[in-house]
Amino acid sequence: MGDVLAGIHATWEFDTDSVLIRFERGIRTPRLFQSLRERRIPYAALSAVGMTPGKRGTVVLHASPRPGADPLMEVAAGQLKEGSDPYRLVLPADRETLAEYYRDELRDRLAPESGEPADRFLVAAPEGPLQFKAYDGRASFDGERVSFRWSWTGASSAKWRAGDQSFPVERVAGVEWRSPEAFEGYLRLLTHPADPAAAVPAQPCVTSPGELPGGGAAERPAQADQDPAAVLFGLGYGPVHESLPFAAAVLESARRKPSVPVPTSLVPVGAARRDPADIAERIRHLGELHRAGLVTDVEFSAKKAELLAEL
């Protein structure tokens with residue numbers, strides 16, 4: 001089509017095989033849009049296009065992605081608020097006729113298989129490296145590994161005993177994201193068993209919610225605050241505009257790479273040298289857990305030796 005349709009908070013630029021959505025930057029623009037900046041959506045990734053009346057004299061042009069086509073929407077799993085849906089374009093009511101025209105044009109470009117789930121991601125995930133601060137630690141992703149570094153003020157004793165974690169994307173079977181805007185939000189990595197031949201059958205792998213394509217199994221502890229493969233959200237921690245693009249990038253990378261067994265399900269982060277002051281602080285906190293009876297003598301000695309070895 002080669003046309004441009006400018007709306008509130010976003011502009012849609014129509015190409016021969018896709019629509020490029022450019023999000024505005026400004027204090028009134030949803031922070032998720034500002035974080036995404038722009039997204040190219042192939043017409044083959046869409047399942048439907050509609051138009052509805054909006055609030056306060058507006059109309060809304062809304063495209064729906066096919067299930068499995070967009071890693072961002074797969075991870076979000078219907079948890080986004082209406083105003084943060086990147087597939088909605090809000091227009092003044094006097095542009096209703098123009099919106100109807102583009103709705104019909106987009107419908108004509110839907111693929112024959114638009115009503116079926118996509119067999120692979122067709123929309124690119126946000127690019128790394130990405131990171132965000134969670135309530136009980138800091139999460140980072142460099143495109144190859146997801147790392148969780150625990151906070152001494154927020155992490156549970158179970159996570160401290162396990163130590164900082166690093167997961168190669170080949171081990172990631174899925175990503176479970178619970179919005180920080182809901183009760184008990186978190187991001188959890190669902191991992192492939194370390195030894196598929198010897199592993200006890202696990203729950204079906206899901207991605208937030210839903211089943212992982214292929215029907216594989218994944219290790220999935222029940223409580224996120226006790227799970228070293230999960231980080232917790234909270235007020236100001238793991239906001240949507242940071243944690244959701246992060247989760248989508250991890251999921252897209254995991255789907256792209258074949259899974260391979262590795263020696264353990266949780267790989268401690270210990271390759272790089274650490275700041276001595278940071279190590280000292282961690283040992284101090286470990287001592288507090290020990291004195292409170294949350295860590296045994298054996299666990300205290302072993303973890304202290306592990307921390308000292310990082311110097």
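Ala, Val, Leu, Ile, Met, Phe, Trp, Tyr, Cys and Pro count here as nonpolar, Asp, Glu, Lys and Arg as charged, and the others, Gly among them, as polar. This is a predicted model, in which local features need pLDDT of at least 70, side-chain atom pairs count only at pLDDT 80 or more, and totals for chains, interfaces and linings use all residues. Residues are numbered from 1 along each chain as its sequence is written, and side-chain values use heavy atoms, with hydrogens and water left out.

**Cavities and pockets**

On a 1 Å grid over the protein atoms alone, a cavity is a set of points where a 1.4 Å probe fits but cannot get out. A pocket is an open set with protein on both sides within 12 Å along at least five of seven lines. Lining residues have an atom within 4 Å of a point. Grid points are joined across faces, edges and corners, and a volume is the space filled by probe spheres set on the points.

Two cavities of 30 Å³ or more are counted. The second largest cavity holds about 40 Å³. Its lining is W12, V19, I21, I41, L46, A63, Y87 and L106. By class, that is eight nonpolar, no polar and no charged.

The largest pocket has 16 lining residues, with K55, R56, G83, R88 and V90 nearest its centre. Strands β5 (46-53), β6 (58-65) and β7 (88-92) each give two or more residues to this lining. Helices (H or I, at least four residues) and strands (E, at least two) are DSSP runs, numbered from the N terminus.

The second largest pocket has 13 lining residues; S35, L36, R37, E38 and P126 lie nearest its centre. Here α1 (31-36) and β4 (38-42) each supply two or more.

**Nonpolar core**

A nonpolar core is a set of buried (under 20% relative accessible area, 1.4 Å probe, protein chains only) Ala, Val, Leu, Ile, Met, Phe, Trp, Tyr and Cys residues joined through side-chain atoms within 4.5 Å. The largest has 69 residues. W12, F148, L187, L189, L244 and F246 touch the most other members. Helix α5 (residues 240-256) gives the most, nine residues. L244 touches (heavy atoms within 4.5 Å) residues including L32, L72, W177 and P239.

**The β8–β9 hairpin**

β8 and β9 form a hairpin with three residues between them. The strands run antiparallel, joined by four bridges. F132 has A139 of β9 as its bridge partner. On β8 (residues 130-133), L130 and F132 make up the covered face, Q131 and K133 the uncovered one. In a regular strand the side chains alternate between the two faces of the sheet.

Conventions. Buried < 20%, exposed > 50% of the residue type's maximum accessible area, 1.4 Å probe, protein only. Pairing = 2+ DSSP bridges. Lists of a residue's contacts leave out its neighbours within four places in sequence.
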